[in-house]
Amino acid sequence: MEMIDFFKKGMDGKNRPNCSMETKHYDAFISYRHCELDKFVAVTLHKKLEAFKLPNGVESPTGLTRISRVFRDQDELPLSSNLSEPITRALENSDFLIVICTPRLKESEWCRREMETFIKLHGRERVLAVLAEGEPRESFPEVLTKETLTYTDEQGNIKTKVMTFEPLAADVRGKSKKDIKKAIHDAVLHIAAAIFNLNYDDLRQRHKERKFRQTITVVSAVASAMFLFSAVCLGLLFKIIVQSEQIMDQNNEIINQSNEISKFASQVEAQNTKIKEQYNQAQRNYAIATADNADKLMSYGRRMDALYALRSVMPASETDTSMPYTTETHRALFNALQLYSEGETFNTRHTFECESNISYMRISPNEKYILAADSASNLNVWEVESGNLVYSVSYYMPPLSYSDVYADFANEETVLYLSENGFVLHDLVKNTDAPFLNKNNKQITRGCFVDCKNSEFFIVTDDSKDRVFNVYKSDSFAPVFSISEKDIERAAGKDVIEAEMLISTDGNHFIIPVYPAYGDVGNMKVMVYDMSSGELASVIPVTEDSAAKVDFSLYLCCATTYENNLYLSYIDEKGACRFCSINISEGTKNWDVPTEATATSITLNFDYSKLYCPTGSLFFILDANTGRQEKIMSCNKIVDIKTYINKEGAILLDYDGDLIAYNDQDELLSAPYLTEEYPETGFVNQGYYFLDGRQVALLPYNSDYIIYYSRKPVEEQYANTNVMYYETISKTGENYISVDCNIMSVKDNSVIYETPESYASDVTFIGDGSQYALFNNTGTIKIIDFVNKTEKELEGYYKYPVSCDHNFILSKETEGTYTVSSLPDLNAVSTIEIQEEFPDDVILINQDTILVLKIGQPFTVYRAGQSEPIYKSERVLTAKEYVIPGNYKDMFVVYYRDGFIEAYEVGSSVEILNTVYNTDFTSIDSPIYVAEKDCYIIPGLPETVVYNNEFKPILSLPNKWCYIPCENNFVEYEYGINNPDFQVRMPFWSYNEIIKKTDGILGNYRPSARIATQYNINVR
């Protein structure tokens, strides 16, 4: 009833006045959307249906002989403002519903209501679908194909299930209206057969017979008319002949003109083709140049910009032809995604960019956020993990300032910064602001941050009237101590306040060093205030008090505290560099020792027994209890130091952006390294190495961006399996591999065939590797049936006796003649003769082709039945060149001493696939053809390279890797010497997968205008 009420109200849901309409009966009701194609089909079908009559002699069980009336809204509705009642009555009085189905039908609420109402009144078996456009799955609405039924099961529970139906349909789709009209002619027979309850094939045959009889009648009448007409035509024939001659002359002139036009059109087409080729080449050149720019961006740590630049010039998928595919962009995208970097490598994750050069950066105590303040007074805060900008505001820098730090983290989730109206606290989680108040409950309007090296407290100066040092708790922002500069100067006499201030690790003491002015009488001393009472607790001398003026400017280089101890690096009155430790409570020195240089920072190790003290070029390790110098090591300028590497030693981030690791046993550790260099910036201005050991944030010198690196979590790249050296793998990779000359199962690493310990050999699987393998042990060759555990020893074979497809073997029979036999039965299949005497090596390519190598001569390729070589190289081989045959494809690769690598494919002839240049290889294995990927993999050192089917490099992996087809995984060959519990496994990413991953990483990212201009990036 709700559906009928809907139609009674109309499409807009409003009640409308009734209109009278004579009740009529309809053979069919046509439902359709009122757009051009749908309407054309509906109108054409309407006309043909109402003109349709049953052929003579055909009787319908319904008693009907013709379709007398079909309802279509534009023809049948009276002029009335209320259309719903006539449509409802028409549906009630229609025998069938014909639905014109296109992808647009699902958008029509009106049509859906018509279908639902008709099905409720008459059932779905009387609904006929006419497919006018699109595919059935997108054009047939669910109301025709699905129905939810409610039933009660045996336990009495009420349940529902969805039934799927296939509506009776006629197909009228076509490329033009002419095609559609032709299809409608046949569709009318389908619909009529349903309406008359007849068999479609019978009706179609009788319809053809009627058409034939009508045609015979028409032809007879035409023949009679033609006889009479011929007499008239004879009279006109002569006149036509004369006119025809004139027309022929005109046609010849038109043909000549047409030829000229065709010639011009061909020239235009050729020009268009040339322009298109030039455009495509320009696109390719731009893509290749973009790959070079992406490599540069990666070297500067701008990974997101590199990804965006590459994605803008690459096809969206392997089948997309809107942009040119180049191996250069493919390779560069792999490099930028950093999918195949190892666990010790730091990968660029994000680039945090500001409007102008960054003055300083900070990491929140929980290492969740990163903050940067630039020279244009912009303050930005990003979430480290996602790289998203979570807060941005302008901070205020006073004209006369004591520091450049006017924004910092007050605690893990709160930023404190100086605005024009005073200090403001911003809660990053709640996204709220609050004024920052001093102990007098007034907002501090001028001041800056002072580093206190204690994460539980922070110090803010109040410079509104007088410089006051305010100490606050980080968790509550409660003021716990306050002292003015004048109070300190008054207590210190004429001595000068040093900017570096400390709060003891227990939070009880406020510590500040003071000096005599240059050339004055006095000593360096440390003033200790009790933060609970605000009173001066003690004044501890650092240098000896002298009655004479000092010879050198006293200076405190750095300091730190732990429990009751204060550690200082300073320059005394004679200019000597010293370290000392002071007992804060007792006001006495624990020790004071001379050193070669002063430190830039002092950091305690994990158990607080060592002091790590880097200088500009040296790294001191001191005993914290005695000050004894345990070690001095060389290093570059240190910009950051952390002491948590396996809970021993220290990790230092130096001036060049390198990570250096030391331990307590005077050893330089194998520290994680950064993959990028800084050719543009030269060195690092500021950096943070996060305490979890897996993240680094770098601020390159004089730059407007921060680079954030991280290492992959172990679980993402390692499998906890036995470490194995994968020598060879069977063709499918689903069954067996060779490990340390043993045949093992891929699935469970169980040993299928074990060789003696002294038996070191090369292993080649025979055929698909499901049963046989060939062992080549320094001239002794055996065929092993590792399933049945049997052996057969062979003699007289060469270094590479097995063909590329592993199905044939080569033996030397007589001088200059070689026999090729099948494996494993050793039946001879061909003989091959060569011209070279005493060749250095002979390589079997396939059952009738061999490659002959001789030092000082070009290499040659011979084929069975031919006395002359079918190929002869242009270059001469020397002792330093070597040739390696392919695995599982008839090809070979030549490695020349000058770094050129030539790949050849052997078919009916020998063709060069490509020549590449690579001087980095120190060792290589045979090129493996992977049919599933249509590519070649050459494992080697220092890298494994993947080439496409044209032998162009698309991917390189550090170190030597093996590819296992059944797992779609790369497995590192020789990884695990120092880490025997893990083995690196990484998937072989397809082109479509790396494009999808790139899009997921980029999201809505867009490069800045400066970067887009500098690197010619097309920003869309």
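Ring pairs join Phe423, Phe436, Phe449, Phe458 and Tyr472 into a cluster. This is a predicted model, where local features need pLDDT of at least 70, side-chain atom pairs count only at pLDDT 80 or more, and totals for chains, interfaces and linings use all residues. Residues are numbered from 1 along each chain as its sequence is written, and side-chain values use heavy atoms, with hydrogens and water left out.

The structure holds 33 aromatic pairs. Rings of Phe, Tyr and Trp (its six-membered ring) pair if their centres lie within 6.5 Å; planes under 30 degrees apart count as stacked, over 60 as edge-to-face and the rest as tilted. Here are two of the pairs:

| Pair | Centre to centre | Angle between planes | Type |
|---|---|---|---|
| Phe436 and Tyr472 | 4.5 Å | 55 degrees | tilted |
| Tyr929 and Tyr936 | 5.2 Å | 55 degrees | tilted |

Phe436 and Tyr472 link distant parts of the chain, 36 residues apart. Phe436 sits in the loop between strand 16 (432-435) and strand 17 (449-450), while Tyr472 belongs to strand 19 (residues 468-473); strands are DSSP runs (E, at least two residues) and helices are too (H or I, at least four), numbered from the N terminus.

Buried means under 20% relative accessible area, exposed over 50% and partly exposed in between (1.4 Å probe, protein chains only).

Lys47, in helix 2 (residues 36-50), counts as exposed because its relative accessibility is 60%.
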